[in-house]
Amino acid sequence: MMLITCPHCGPRALDEFVFDRPVEAITAPDADTQTLVAQLYKRTNARGPSRELWRHSLGCRSWMTLVRDTATHQICDVEPVGGAR
Amino acid sequence: MTEPLTISQPSATRWVRCEAFTDDEAFRKAFEAAVGIAPPKPLTWAVAKDGRVLWAEVKAWLVEADAEPLAERLQDVAAISDVSHAWRAIDVKGSNWRELLAHETTLDAYSPTLAPGAVVAGLWSHVPVMVLVRSETEITLYGPPSLAHYLSEALHHLAGWV
Amino acid sequence: MSGPYRLAEGGRLDRTTAIPFQFDGKSYRGFAGDTLASALLANGVRLFGRSFKYHRPRGVITSGVEEPNALAGVGLGARREPNTRMTDVFLYEGLHAVSQNRWPSLDLDLGAANQLIAPFIPAGFYYKTFLGPPKLWMVYEHFIRAMAGLGAPPTEADPDNYARASRHCDVAVVGAGPAGLSAALAAARAGARVVLIEGDAHLGGALQAEACHIDGQSGVDWVAGVQAELTERGVHILKRATAFGYYDHNMLYAAQRLCEPGQPPQDGAPVQRLWKVRAKRVILAQGAIERPLAFSDNDRPGVMLSGAVGTYAHRYGVAAGTEIVFAGQTDAALRTALGAIDLGVKVTAILDARSEADIDPGLWTMAKAKVKTLAEAKPVRARGGKGVEGLEVDVSGRLTAFSADAIAVNGGYTPSVHLHMQAGGGLDWRADESAFAPSHAAQDQISVGAGAGVSGLRSVLQTAFDSGLAVALALGFDLPCGKAPYAEDDARAGLTGDFLPAPSVNLKTAFVDPQNDVTLADLDLAWREGYRSVEHMKRYTTLGMATDQGKTSNLIGLARLAKNAAKTPPEIGLTTFRPPFIPVTLGLLVGDDRGFHAAPLRRPPLYDAHAAANPPWQPVGYWRRPRAYLQPSETLAAAGLREARMVRQCVGVTDVSTLGKFEISGPDAAKFLEIACATTVAKLAIGRGRYTFMLREDGLCNDDGTVWRLAEHRYLLTSSTGGADRMAQHLSYIRNVLRPDLRVGVANVQEHFAAIAVAGPNAKSVIEAACEGAPAPRHMGLSRAKIQGTDALILAASYSGERAFEVYVRSGEAGPVWADLLKRATSEGGGAYGLEALEILRIEKGHVETGGEIDGRTSAWDLGLEKMLNPVGGYIGAAGQGRAAFEDPNRLQFVGLKSLEGPIPEGAALTAKAGASAQGHVTAGSLRTLEPGFIGLGLLAAGRTRLGDTLLAWSATRRASARVEVVSPHFYDGEGARYRD
């Protein structure tokens, strides 16, 4: 049961969070089709640190990026996204 | 054992949602002028002239007030929406509320920071709730109206076991 | 209850309280504080069970949770817990236990015949026999299953309640023996929030197994004092709670018994509690588990671990036998033997496999003074059948024999590293102790005490205290802690003997894993047959795969494999440690999540009003919506059709409160909406609305709904019920991740508003009457009014194809509004309608539905919505639509289907003929409302170019089909004359 440290609420159980996408899959609405396809469908899928976009949906509902190690589940570098702190 | 907990019936709130376009000086000044107090810091709540004000999300606060007058005063700096019936409130009174909360929750019910003046959001018995601590023996739980019946039943059921 | 097996005094018992209980139909008595095993031993019972495969007679061999043999079904009826370790049940009045795996009785078990065919059923025999033909396997399997297995589960539903609790803390200490108590003391004194988890009913752990002195007091008194101090310092002490799982980021799960297995609770109180403890740091003090020795017939009832013999004497006042031989190979076992003698247990001989040079001289001298001692002595064979009668011993190569009715064996101590390993830790091999001990930890945890391979009471107390202190300091707690608890005694376990059995041991009856009947011969067989890896040895022989997880046997098996491979145990490696550490019941894990609480039921605001009519309910996600309001003796299908006709011809009222709703406001509201929605929005005049739909980034349709301009910078966006939560996440994503620069706010008002749709030719008059004469809005317009004194927002939109209005009121005020609208509708000849009618009406009208035609694979073109796309682009999905696949003419496209026969089965494949490959499928089907005939909607390859084609709608699962003609999906009022002004 992983623990993620929300920048506002502190360490909370995984139950409260929703994984949205890898950061590399954030696309702009006005991107061209080729760029969009590359961002949406090409994944590095590394065994190791993965930069991801998460939302604390069942807590303070804020968005954050973090680095999760896909092998060890270590979580670090949690950064808030959007909105002044 | 300590005296039993009292649990109120779910009731609607008087909340208005105030989401700042940008959390800057202009917004804060306008907010304080309209509401009477500065926007509370994250995970805290306070009492203003019309009622409670609490930090709900990044750049968003819930204010007990009438929506239209507040909208008129703040519409240049914030989005104001009546959300009074988007939540139901349940008051829990008794010295043992932390034990009831610790039944199955993601929250640290015995945390020293969960004290009067604090408001936290998390899961209690599968329901997304906000817990507002009013005093050492009083809290208010806010949950979605669709789960108010479920929440109330679960609270009553488990209050018998703490 | 006195007798040769109950010592006259001593033990942690309440001898004034006698407790009656039953085992295999016979009545016995024990004392409060006894376990089922200790009470049976006190009563002279030695036969506790029959083994799994060979049905050999078995007795209890341990005094703890690692027990492999003494398993019973404890409890009556629905409360029976099979495979309960009799060493882990404390007596209660009325305890009812039955032995397992024997027929007709424990004493006369016909299954023992298996011993006659033992040569043919060694480990893995079923891989070599029963080879074919496959049909006969079903026959063999029936008999194998009847013979195999342990215990019988109850067949009735579980009547009990199970509680849950969550705890956060700074330091969680697992185990309340000397190490755990010492560490908890340090951390608590330093100021940390501590949770202490102990599986026994009392604290103290190993201190309850022998006499000792700490800080000038007896062990028991010291423990009582520590418990009082910890409690005063606010430490949360969980007793009778076994930590069974160690999960990511220092999450521990513990199973706490509030009642003993099978014990009925008082007044529906919970019988167990599942603790979920999240700690910043974990200190593991689980102790060490003793391991037995391998020799012939070492499974006879009466052969026990030496520490168990000591515990039964010291804690339970029970003598395991009247002439006991100790056969060990550590100094600790020697001390246990001496301690037992001091309590009055009759020990006839003490054997040690080591040479005298390796034995602690002081202990050996003391032993020689009290009883016959022999060094370099290894057990060869236990004599006896249903109970030990003697022991044959190899003393430096000579064979000699002893008479005995119990044999206390000791092969060494294995630190209990289960939780450490579950947490991803590593192990070091300790050659002197012939055991693995924790090395590095992957999570924020540390092991202390015997569980870390530390021995000597003084050392254990000191090092554990130091660890507790260090952990607290690392967390920033630095209040003064005083000194560590002090014990004069610091005697070590001593050099441990090896794993080799005496040369004349018959390996076929030298049991390693008694629960699965695995012998040394089986392990050697696996090696000979090529199963060389420890993983293969485990699965092939089933060593360590029983309910005890091989706690007393895994290391012995590993050592045997190492010997065969001419390697050391660390070179062989270990199998994976997995939770749960002890068996846990399903009831504990399910907890409250059953019946009413199985899944949170989301109630729409008008739930009570609907429930009063007792309608059949449709689950929609976690919501429940009424399917129809049945009249007496009406079928669901008939009710649906009647209600749909009522809407077409008169007026109907339905609850659409579950729709997603969002209030979007701010100067950039329109800009925001034109990113989220694929249609134009900015052109809407104030007071007007339009249909809209939203795409995913990949260009496919995600959801549809409506958008209304309430004021200059304020909009209301609606979406489907099923997509509401998805849409909330999506809008927040746009607001916070993609465009945080926009001056806009999004409020989720799905539950703030209740929404009631009034539809039909008479809808306008109903609305205007309810609004006290205020005019109803024009089509796709909105107005505000009061109904029953409540503020209402009225939106003129039609889903059914009739003139319709959606009335939005605050959810807590909806009841009287619904009642009023329903009353007015009824007085005009109409009434309430549910989901069945809603569906029939929209099918006839040809509206696409999220979840039906919008299924995540269809584009705007596929659905016939392409004309509504915002020509400027810039919306989410615009770029995705540029993908080549969108041009494929054979894409599944939205069509209508007219039946040439009977009903069109939903989900049916659209094919040329039965069994041919599908060219599309039916998404919805129904009767027509006002004319005869059956219609449907579907998705068909190149459907828009195939109007007029005839196909077969064929469903293999429903065993139904109908010939259909492909038509336009708009069956009813294609121009919208029914609701336009």
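## A tour from chain B into chain C

Select B:Ser125 to begin: this residue sits in the loop between β9 and β10 (127–135) of chain B. Helices (H or I, at least four residues) and strands (E, at least two) are DSSP runs, numbered from the N terminus. Before moving on, note that this is a predicted model, where local features need pLDDT of at least 70 and side-chain atom pairs count only at pLDDT 80 or more, while totals for chains, interfaces and linings use all residues. Residues are numbered from 1 along each chain as its sequence is written, and chains are lettered from A and ligands numbered from 1 in the order in which they are written.

Look at the backbone of B:Ser125: its phi is near 50°, a positive value in a residue other than glycine. B:Ser125 counts as buried because it has 23 C-beta neighbours inside 10 Å. Here a residue is buried if 20 or more other C-beta atoms lie within 10 Å of its own, exposed if 12 or fewer, and partly exposed in between, with C-beta atoms placed from the backbone.

Now select B:His126, which is in the loop between β9 and β10 of chain B. B:His126 also has a positive phi, of about 75°, and is not a glycine. Is B:His126 buried or partly exposed? With 18 C-beta neighbours inside 10 Å, B:His126 counts as partly exposed. For background, most residues other than glycine have a negative phi, and most peptide bonds are trans.

**The partners of chain B**

Show chains A and B together: 13 residues of chain B are in contact with 13 residues of chain A. Contact means that the C-beta atoms of two residues, placed from the backbone, lie within 7 Å. Strand β9 (residues 119–124) of chain B gives the largest share of the side of chain B that touches chain A, 4 residues.

Next, bring in chain C, where the contact takes 29 residues from chain B and 29 residues from chain C. On the side of chain B that touches chain C, β3 (15–20), β7 (78–82) and α4 (148–159) of chain B each supply at least two residues. Of that side, α4(B) gives the most, with 4 residues.

**Strands in chain C**

Zoom to strand β9 (residues 194–197) of chain C: C:Val194 and C:Leu196 point one way, C:Val195 and C:Ile197 the other way, and all are buried. Strand β8 (residues 162–174) of chain C pairs with β9(C) in the parallel sense over 4 bridges. Two strands pair if DSSP finds at least two bridges between them. Which residue of β9(C) is the bridge partner of C:Val173? Select C:Leu196 to see that partner.

Strand β12 (residues 236–238) of chain C is joined to β9(C) by 3 bridges, and these strands run parallel. There, C:Ile197 stands opposite C:Leu238 in β12(C).

**Two last stops in chain C**

Select C:Pro580, in the loop between α14 (569–572) and α15 (586–590) of chain C. The peptide bond from C:Pro579 to C:Pro580 is cis, with omega near 0°.

Finish at C:Ala814, in helix α21 (residues 814–827) of chain C. C:Ala814 counts as buried because it has 25 C-beta neighbours inside 10 Å. Leaving aside residues up to four places away in sequence, C:Ala814 touches C:Pro605, C:Leu606, C:Ala754 and C:Val809.
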